[in-house]
Amino acid sequence: MGSVTHTSDTALVLGIESSCDETAVALVRGDGTIVAQSIASQEAEHAPYGGVVPEIAARAHAERLAPMIAKVMGDANVTLDDCDAIAATAGPGLIGGVMVGLVSAKALAMASGKPLLAINHLEGHALSPRLADGSLAFPYLLLLVSGGHCQILAVEGVGHYRRLATTIDDALGEAFDKTAKILGLGYPGGSAVERLALQGDPKAVPLPRPLKGSPEPHFSFAGLKSAVLRAVESGLHAPQDIAASFQQAAVDCLIDRLSLALTRAGPFPALVVAGGVAANATVRGALEAFAARHAMRFTAPPIALCTDNAAMIAWAGCERLAAEGWRRGTEFAGDPLDFLARPRWPLDPDAEIARGAGVKA
Ligand code: KG4
Ligand code: ZN
């Protein structure tokens with residue numbers, strides 16, 4: 001697999017993202033230009049409940065999406081006629097929200113006669129580093145760490161993903177959010193935990209590193225979260241020390257699991273991180289040092305591309321067009337208009353089911 005070739009560099013793709021609590025619309029060109037985009041967060045709506053409420057999320061997507069599409073098209077001064085495809089997240093995610101975005105994309109595709117591209121949200125995260133950095137070639141080792149997912153993937157090409165590890169219980173972002181809740185820092189709490197940890201001692205509180213050293217390749221964070229709860233309840237530790245020690249334990253787990261993945265499936269020329277937790281500077285720093293130790297290039301997309309966004313969905317559409325040999329003016333069917341929204345949609349269909357109840361996608 002060679003260097004990045006943007007064979008669809010003239011393509012213009014409209015992307016829609018609505019799988020969790022961000023409503024997002026973007027127009028992206030095949031050469032990696034984000035022509036226009038808009039993101040509306042629903043944090044305020046969900047904060048009183050301490051987590052995302054699916055029904056509230058779906059309603060908010062339904063209210064916001066159409067005006068946002070109109071605004072993005074207006075900002076870019078383009079019409080549907082100028083678009084080469086309509087891409088939307090078709091899963092995995094909260095099904096009500098996914099349906100809102102996918103049905104909107106189907107309606108636009110039907111009205112304009114442009115192809116529909118039903119995009120796997122995880123594929124959006126997996127390919128977003130190539131939108132940020134056009135020189136990033138396949139293959140690369142990807143750590144995907146968000147509120148809903150915690151996976152290590154070998155990204156071998158568009159549509160070619162090998163899952164090397166997943167979580168058997170909580171995702172890392174979820175563990176950050178639960179730690180924030182336990183420490184009374186509000187929702188979503190990842191960045192609040194990071195800020196508090198800056199003032200604490202990462203060695204002060206003895207916390208477990210679940211599955212560290214295990215031949216089982218996966219992640220587990222439920223035990224760490226329970227240990228955080230016990231540390232708070234003990235009254236023996238300052239909150240900033242708990243936050244710093246939690247973050248250090250989490251980072252130690254990430255590095256240990258990445259080492260195992262690399263031993264088993266490596267070498268890889270590059271390590272890439274994506275997902276909301278990639279915003280964490282301690283996590284990024286540890287990954288950068290790990291990559292340097294293993295003579296790998298390290299890439300992390302800018303934060304705005306790490307968290308949920310529609311540019312990564314439109315970009316995954318561009319990548320698909322390129323991979324499938326699309327040329328403007330030639331017939332390109334895209335996905336069928338009866339493509340169903342999928343609450344679960346593993347990127348690697350051959351991956352074995354990991355033990356545990358809370359396996360995500
Ligand atoms: O990718 P994302 O926006 O949405 C999902 O697909 O889940 O990730 C959101 C997650 C949340 O759990 C949030 O707490 C976490 O990313 N997060 C962080 C930081 N910023 C966001 N976790 C740790 N440190 C941060 N600075
Ligand atoms: Zn995501």
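I looked up helices α5 (residues 172-182) and α7 (residues 222-234) in this predicted model: their axes come within 10 Å and cross at roughly 15°. Axes are lines fitted to C-alpha atoms, for helices over the stretch in contact, with angles from 0 to 180 degrees between N-to-C directions. Helices (H or I, at least four residues) and strands (E, at least two) are DSSP runs, numbered from the N terminus. α5 and α7 are therefore roughly parallel (angles under 35 degrees).

I then listed the contact (heavy atoms within 4.5 Å): K178, T179 and I182 of α5 meet K225, V228, L229 and V232 of α7.

I noted the model's conventions: residues are numbered from 1 along each chain as its sequence is written, and chains are lettered from A and ligands numbered from 1 in the order written. Local features need pLDDT of at least 70, side-chain atom pairs count only at pLDDT 80 or more, totals for chains, interfaces and linings use all residues, and side-chain values use heavy atoms, leaving out hydrogens and water.

Next I checked ligand 1, which 19 residues surround (a heavy atom within 4 Å); the closest are G147, D177, E194, G276 and N280. A backbone N or O atom of G173 lies 3.1 Å from an oxygen atom of ligand 1, and one of G148 lies 3.3 Å from a ligand oxygen atom.

Last I went through the backbone. The peptide bond from G91 to P92 is cis, omega near -15°, and P92 sits in the loop between β4 (85-91) and α3 (95-112). F138 and P139 are also joined by a cis bond, with omega about -5°.

Methods. Angles under 35 degrees count as roughly parallel, over 145 as roughly antiparallel, 65 to 115 as roughly perpendicular and the rest as oblique. A polar contact is a pair of N or O atoms within 3.5 Å; within protein, one must be able to donate a hydrogen and the other to accept it, and residues adjacent in sequence count only if both atoms are side-chain atoms.
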